[in-house]
Each structure stands twice: as structure tokens, then as C-alpha cells.
Amino acid sequence: MFALTDLPDGFHEDPYPAYEWLRESAPVCWQPDGSVILSRYADLDMIYRDTTRFISDKKAVFGPKFGVGSPLYEHHTTSLVFNDPPLHTRVRNIMVGALNPRALARMEPGLITLVDRLLDDMSGQIEVDLIEAFAGAIPIEVIGNLLGIPRDERGPLRDWSLAILGALEPALGAEQLERGHRAVTDFKLFLRHIIEDRAKHPGDPEVDVLTRLMKTEGAALTEIELYQNCIFILNAGHETTTNLIGNALALLDTHRDKRRALIRSGDLINMGVDEFLRMESPNQFGNRMTTEDIVLHGQKIPAGTDIHLCIGAANRDPRQFEHPNDMQLDRRPNKHLAFAGGPHTCVGLTLARMEGRISVGRFLQRYPDYHLTPGARLRGRVRFRGYARLPAQLT
Ligand code: HEM
């Protein structure tokens, strides 16, 4: 038996034995609350593509969890990821248009400058926390730039984002819930003056993502959609990307031969990023709900069942990946599900890959002999896998 609300000892440190058990022995694993965990690659791949039988709308789950009409309820039920067509299609098209290749290409030089500045700031220190000094500092700046949030006002964004996403955890305390509600309310107030200011001084809609979100002709966003999806972009691209960078640096601490290969060949990092994403996926679980009765592995899953899709297990399924527990930087094909799949595939995947490539690549060139020191702490979440603290010596 495996229950998300009663995890086995040592799960956070190493969830992969539990995932293997799920995949091999309980591919349909019922939970005490009537929900079900699926963990095989083929099942997740099929479900991500089928938005008719497996929907993303979570009003039925979020109502009792957050309270209908509460700040967290408004946020999570309006954000793109927890919606289905037609709202999903309309909002997604606006977002994909806003995160267009020209807007992203324009960001690359600034990202390199930011990464190099962080690497400079670390030099000479005996020990650094790679999350605080590096992995945690990059995405918030990138998304802050993307939405044009003034640099000196970005301070609270990270904590708000962690509080809002933290409220998605399966087991939730009253204090965590309260922190999440407060974060949504404060975040909306904060965005109000940014959005009002941008309305008075619009940016170039070709490259300014916020202006584009505000100005789309015809199928424009409503005010609530605009606010909640700005918050969503900030959250979606934040802890996930921090985890990509932090998890990669942790993996390369133990895989020294792979580290040397990356340092020797500058290009290998392009494929390496996807192998980090597969091995230690920043998002370990996704969710869907069935709209009709489904039979899977001989078991009936009734309509209206909440399904947990274990991305972390699927990405190590030997039916899909040869030697799934080995890190193969040039793995080909590498159709991992770290960015999900189908119509909800991550909108920010190109940006995330760019951040991973530039951050990890430049870090290795500058500090090829870094090594982790005792004191690493995982954030200890089920849904998002990554470190809260990752101390290291750089030379
Ligand atoms: C390594 C970093 C990232 C990972 C692992 C990741 C992962 C994911 C996953 C798994 C989903 C699908 C959720 C679902 O439908 O169940 C998703 C959706 C999404 N992501 Fe990302 N993401 C990352 C970075 C980003 C960035 C940088 C942005 C934006 C700047 C972003 C924006 C989005 C958006 C807007 C969606 C919703 C797409 C939709 O529902 O149609 N993500 N992401």
C-alpha cells in the first residue's frame, strides 16, 4: 500500500523504490480518499493526450479544499493549467503568443549577464548555498523581466509563489492554507499597480509579455483572468526552474564522469538538460479527473475520479527508457514527461530549457571542481522535487 497522505520513511530522500513498486505492482493504486495514482509511462502519455476523458478542471476538488470563492480557489480555478477548453484554448493561445520566440530570444543576453553576475558574486566564498545564491535567484529574475516587474520590487515574489504552490500539496495544514490565501491576496494587490502603470505606459506588444496579455484583440482576458494568469506564469516558471538547476547540480556532484563530459563538450548540455529533467523531474505529480468510467489494467476507474499522474515514476519506466536509472546525457530518444504532454504541455519549456542550459553550462565552466558539502535539505514536497538548501564548496 502506498498513500500520498502517509508517505513511507525516506520517501523524500529517495522516492524511486516506491515509484518502482507502484509501476510494477500497483499500476492503479487506490488512495484512501478514492483518488488513484497511475505511474506507467504509457498510461500517462495516453491520458495527457486525451482531454475529453481526462479533464484538468479541478473545481470539484478545490471547492472543499480551499473554500469556494476563497483567494486560493479563485486563483487555481482561473489559471490556465486547471482549465479545459474553451477557456483553456483561448487563454493558452494568448500566452503562447506572448511567450513568442522573439520575446525569448531577446532575453538570452540578459540571462547570460545575470548568470555571470551570480557566478562572480560567489567567487571567493568558502561555502555557498547553491539554491540561495544561484538556482533560486535565476528564475525569479527571468520571469520578473518577462513581465517587466521593477527589479527593486521583486523581493516578496518568491515567498508568495512558494506559498501558492505549496497549497497544492495533498496533505495541507491550516497554517499553510492561510499562508496561501494571504499570498494570493497580496500578489493581486501588488500586480494592480504594475498593470495600471502598464496600461498608462504600454510596452512593445511584440516583445513585452504583459502588454501582450493586456492587449490581445478579440479574445482578450477578463480582469480576473489577467491577474490570475500573471500570478500563474510567475509561479509556473519559478520553483520548477529552480529545481531543474538545483537538481542538475546535485546530480552532477555524484556523476563526476558526466560532469567532465559536459565540461569537455559545450554542446552536450543541450541534450543533458532533458536528461536532468527526466532523472529528477521538478514536477513529480500532475492531476486529471475522469469524465467517464475507464478500465485500466483490469480495474474500473469510475467517472469523476481524481487521478494523480506520477511523472517521476513514468520518467523511469523501463518500458519506455533503456536503463532508466542511468544518467545518459545524450539519451535519444528522450521523450520524458517532465513538461507533461498533449494540449497542456508546458508553455514555458523553451524558456526553461534555455535557463537550464545557460545556468548549468556556465556554472560548470566557471566552477568545474565544485562539490557539495553536508547540510543539503530537500524542500520535502510530494509534487515538486527540489532542494531548499544545497551547500557547496566551489573549488
Ligand atoms: C523546468 C521548468 C518547468 C517544468 C518542469 C514545468 C512543468 C510543467 C508541467 C508538467 C506542466 C503541465 C501541467 C499539467 O497540465 O498537468 C506545465 C504547464 C505550464 N507551464 Fe511549465 N514547467 C517549467 C517551466 C515553466 C516556465 C519557465 C513557464 C513560463 C514562463 C511555464 C509556464 C507553464 C504554463 C503557462 C503551463 C500551463 C499550460 C497549459 O495548461 O496549457 N513553465 N509546466
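Keep in mind that this is a predicted model. Begin at the ligand and colour helix 5 (87-98), helix 13 (223-236), helix 14 (239-254) and helix 18 (349-366): each of them supplies at least two residues of the shell around the ligand. Which helix gives the largest share of that shell? It's helix 14, with three residues.

Now show the side chains. The ligand has 24 residues surrounding it, and the closest are Gly 237, Thr 240, His 344, Cys 346 and Gly 348. Colour the shell by class and you'll get 15 nonpolar, eight polar and one charged residues.

Select 371-372, 391-393 and 128-129, which are strand 9, strand 12 and strand 4. Together they make an open three-stranded sheet in the order 4-12-9, with antiparallel pairing. Strands 4 and 9 stand at the edges with a single partner strand each, so one side of each has no neighbour in the sheet. Zoom in on strands 9 and 12: they run antiparallel and are joined by two bridges. Here Leu 372 sits opposite Ala 392 of strand 12.

Last stop: strand 5 (residues 285-290). Look for Ile 55 opposite Met 289 of strand 5. Where does Phe 285 find its bridge partner in strand 8? Pick Cys 310 and you have it.

Definitions and conventions: Residues numbered from 1 in each chain as written. Predicted model: local features only at pLDDT ≥ 70, side-chain atom pairs only at ≥ 80, totals over all residues. Pairing = 2+ DSSP bridges. Helix = DSSP H or I, 4+ residues; strand = E, 2+ residues; numbered from the N terminus. Near = placed C-beta within 6 Å. Nonpolar A, V, L, I, M, F, W, Y, C, P; charged D, E, K, R; others polar.
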